[in-house]
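Colleague: I'd like to learn how to read pockets and strands in a model. Could you walk me through an example?

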Amino acid sequence: MSRILVIGAGGQIGSELTYKLRDLYGSDNVVASDIGYHNTHIVNSGLFEIVDAQDYSSVKVCIEKHNIDTVYLLAAMLSATGEKYPMKAWDLNMDSLFHVLNLAKDGIIKQLFWPSSIAVFGPTTPVLNTPQHTVTEPTTVYGITKQVGERWCEYYHNKYGVDVRSLRYPGIISWKTMPGGGTTDYAVEIYHKAILDKQYESFLTENTELPMMFMDDAIDATIKLMQAPSEAIKIRSSYNLAAISFTPKEISEAIQKHIPEFKITYEPDFRQDIANSWPKTIDDSSARTDWNWSHGFSLEKMTEEMITQLRNKYKNSIPV
């Protein structure tokens, strides 16, 4: 049985991935870690350690203490926040990756998952059905760290045999946790505002189409990738991953089917320029061929699930 460490387990993806891994492998075999105790549900739901992803010793001590063989590195500073603190974003995103790559190179861990992003793409990338292998000229610090990280992941695999696996996540939508500073955050915020306020001001224009994915699909893809036999993994930089693409207007129309009085307005900010540099749709045929990836949630199915769950979550907060 694998012994797993999730670094950045308090975040949007990390928290839900931790719960799923514990369901699959047992709570005693999955150690959650973060830089603080801010996510009390994760802290109290199983093994938890304080780990600074930028401190090699902190990571190594935790791995050796719990006999970890598999690491999921989810700690990162995302696109919108990274533009406010570029050097902090570079240091966190790159230092943390090098630490776990070197631990794998030295044989201390056997397998590593590291997430990339559609942020690796830029304005010179084909925006429709973006190919697996294409131009990657990112315009954000976050995108730069992911693009460079992909190259290092492939290098460590080719040079040292490191079993590193990666996905280029699109925007991730979840009702369980709030977003963490990304450009696609509007697609999470809009559901919360629809339930609580019946209105939302979008920081992207109405026709800004971006690749998105419901959290359940993202977690499923991550685990399927890690469970696939090594010989099935043909791409060691990062796999394109896709599910659905939509605009703020389209998601608002899907919400209005459930909440007819919901209104949306548009006030684009600096995140619009970031979104404009990203693809609209992604070709993820390599993932679907190599390890049988398929998504399960459409925009309509996701919207129904989000509204149902958030209504229950906010049942004592919704104005009568």
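Colleague: Which helices and strands each supply at least two residues of the lining of the largest pocket?

Modeller: The general idea first: rolling a probe the size of a water molecule over the atoms shows where empty space is left. In this predicted model, the lining of the largest pocket draws at least two residues from each of helices H1 (12-25), H4 (79-84) and H6 (141-160), and from each of strands E2 (30-34), E6 (116-117) and E9 (171-173). H1 gives the most, six residues. The space amounts to about 1100 Å³, and among its 49 lining residues Gly11, Gln12, Ile13, Leu74 and Leu78 are the closest to the centre.

Colleague: How many nonpolar, polar and charged residues are in that lining of the largest pocket?

Modeller: The lining of the largest pocket has 22 nonpolar, 21 polar and six charged residues. Now try the second largest pocket, with a volume of about 210 Å³. Its lining has five nonpolar, no polar and seven charged residues, including Glu16, Lys20 and Asp216. Here helix H8 (215-227) brings the largest share, six residues.

Colleague: And strands: are the residues on the two faces of E4 buried or exposed?

Modeller: In a regular strand the side chains alternate between the two faces of the sheet. For E4 (residues 70-73), Thr70 and Tyr72 lie on one side, Val71 and Leu73 on the other, and all are buried.

Colleague: Which residues stand opposite Tyr72?

Modeller: Val6 does, and E1 (residues 4-7) runs parallel to E4, joined by four bridges. Phe113 in E5 also stands opposite Tyr72; E5 (residues 111-113) pairs with E4 in the parallel sense over three bridges.

Conventions: Residues are numbered from 1 along each chain as its sequence is written. This is a predicted model: local features need pLDDT of at least 70, side-chain atom pairs count only at pLDDT 80 or more; totals for chains, interfaces and linings use all residues. Side-chain values use heavy atoms; hydrogens and water are left out. Buried means under 20% relative accessible area, exposed over 50%, partly exposed in between (1.4 Å probe, protein chains only). Two strands pair if DSSP finds at least two bridges between them. On a 1 Å grid over the protein atoms alone, a cavity is a set of points where a 1.4 Å probe fits but cannot get out, and a pocket is an open set with protein on both sides within 12 Å along at least five of seven lines; lining residues have an atom within 4 Å of a point. Grid points are joined across faces, edges and corners, and a volume is the space filled by probe spheres set on the points. Ala, Val, Leu, Ile, Met, Phe, Trp, Tyr, Cys and Pro count as nonpolar, Asp, Glu, Lys and Arg as charged, and the others, Gly among them, as polar.
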